[in-house]
Amino acid sequence: ENGGRVTPSVVAFADDGEALVGLTAKKLLFSSRATAVYGHQLLLGRAFESRETEALLAATKATPFDVVPDERGLPGVRV
């Protein structure tokens with residue numbers, strides 16, 4: 001099984017507000033798309049106002065979550 005030991009970088013939120021991570025969240029990705037965050041690891045360590053972040057956001061503009069600057073100028077996610 002190639003990649004079977006890799007934890008998916010997915011966070012989902014159940015109807016009751018519980019945060020789910022990894023495989024559990026990945027299973028809900030398609031059924032609860034509006035409450036799932038994925039692909040965010042590409043933004044880690046980048047400034048919100050950088051060209052790299054701008055290019056990544058342009059390439060992934062169809063996400064069900066918003067990427068907003070946090071208080072330190074880094075990308076944050078709003079569901």
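Which side chains meet in a salt bridge at 3.9 Å, N to O? Select D66 and R78: their side chains form that bridge, a salt bridge being a side-chain nitrogen of Lys or Arg within 4 Å of a carboxyl oxygen of Asp or Glu. The pair ties together distant parts of the chain, 12 residues apart, with D66 in strand β4 (residues 66-69) and R78 in strand β5. Strands here are DSSP runs of E, at least two residues long, numbered from the N terminus.

Before moving on, a word about the model. It is predicted, so local features need pLDDT of at least 70 and side-chain atom pairs count only at pLDDT 80 or more, while totals for chains, interfaces and linings use all residues. Residues are numbered from 1 along each chain as its sequence is written, and side-chain values use heavy atoms, leaving out hydrogens and water.

Now colour by accessibility. D66 counts as partly exposed because its relative accessibility is 43%, and R78, at 49%, is partly exposed too. (Buried means under 20% relative accessible area, exposed over 50%, partly exposed in between, with a 1.4 Å probe and protein chains only.)

Next, select D70 and R72, whose side chains meet in a salt bridge at 3.2 Å, N to O. D70 is partly exposed at 22%, whereas R72 is exposed at 62%. The count by this rule is two salt bridges.

Last stop: V79, in the segment after β5 (75-78). With 53% relative accessibility, V79 counts as exposed.

Methods. Helices (H or I, at least four residues) and strands (E, at least two) are DSSP runs, numbered from the N terminus.
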